[in-house]
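Subject: A structure for you to look at

Hi there,

Here is the structure I promised to pass on. Please open it before you read the rest.

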Amino acid sequence: MAETQQQQQQYQKPLPEITKQSKPFWDAAHEHKLVVQQCTQCQRYQYPPIDLCPVCAGELTWVEASGKGEVHTFIIMHQLYHPAFKAELPYNVSVIQIEEGPFMLSNVVNCANEDIKIGMPVKVVFEDVTDEVTLPKWTPA
Ligand code: ZN
């Protein structure tokens, strides 16, 4: 009985692959902070994490983002591609453009699918899905 309950509580969806490069992002998310890279030379913001600035080859450093953004585009998934998403169908997959410029792939939460609009202002919220992994999600601002 206890074992069954534990299995039901376990997070069943695919988890992000945490690499050496992306670890600072996931470590910050775990502390409920949204961080992106910023070029130390041209100041451009970068996400997803890479080694060097793609514009000027400058060094990148991690900085905290404002946590504000807007819905750049989104789709509503009606087809079940992974059994763990069954209870949420139909669900949205949204591209958020953060205030600093980069795009992040996530979900809009606390909002009915039919109310999601392109250009809608959103702010980050954090979903602790396992002891190690926290996922940034976006809620209407
Ligand atoms: Zn640069």
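Predicted model: local features only at pLDDT ≥ 70, side-chain atom pairs only at ≥ 80, totals over all residues.

Residues are numbered from 1 along each chain as its sequence is written, and side-chain values use heavy atoms, with hydrogens and water left out.

**The chain**

The chain has two helices and eight strands, in the order α-α-β-β-β-β-β-β-β-β from the N terminus. Both kinds of element are DSSP runs numbered from the N terminus: helices are H or I with at least four residues, strands are E with at least two. The C-alpha trace spans about 55 × 35 × 25 Å along its principal axes. Of the 141 residues, 34% count as buried; that term means under 20% relative accessible area, with exposed over 50% and partly exposed in between (1.4 Å probe, protein chains only).

**The zinc site**

The zinc ion is coordinated by the SG atoms of C39, C42, C53 and C56, at 2.3 to 2.4 Å. Donors here are N, O and S atoms within 2.8 Å of the metal (3.2 Å for Na, K and Ca); water is not among the atoms, so sites may look incomplete. The angles among the four donor atoms run from 97 to 120 degrees, and the site is tetrahedral (for four donors, all angles between 85 and 135 degrees). Along the chain the donors follow the spacing C-x2-C-x10-C-x2-C. C53 is buried at 4% relative accessible area, whereas C56 is partly exposed at 30%.

Q38 sits in strand β1 (residues 35-39) and is buried, at 13%. Not counting residues up to four places away in sequence, Q38 touches Q43, R44, Y45, E59, L60, T61 and V63, where contact means heavy atoms within 4.5 Å.

**Backbone details**

Most residues other than glycine have a negative phi, and most peptide bonds are trans. Q43, in the loop between β1 and β2, has a positive phi near 70 degrees. H32, in the loop between α2 and β1, has a phi near 60 degrees, also positive. The peptide bond from Y47 to P48 is cis, with omega near 0 degrees, and a cis bond joins L89 and P90 with omega about -15 degrees. P48 lies in the loop between β2 (45-46) and β3 (60-64); P90 lies in the loop between β4 (68-77) and β5.

How much space lies in the largest pocket? About 590 Å³. A pocket is an open set of points on a 1 Å grid over the protein atoms alone, where a 1.4 Å probe fits, with protein on both sides within 12 Å along at least five of seven lines; lining residues have an atom within 4 Å of a point. Of the 24 lining residues, L105, S106, N107, L135 and K137 are the closest to the centre of the pocket. β8 gives the most to the lining, with four residues.

T139 is in strand β8 (residues 134-140) and counts as buried at 8%. Leaving aside neighbours within four places in sequence, T139 is in contact with V109, N110, P121, V122, K123 and V125.

Enjoy the look around!

Best wishes

Note on methods
Tetrahedral: all angles 85-135°; square planar, octahedral: opposite > 155°, others 65-115°. Points joined across faces, edges and corners; volume = space filled by probe spheres on them.
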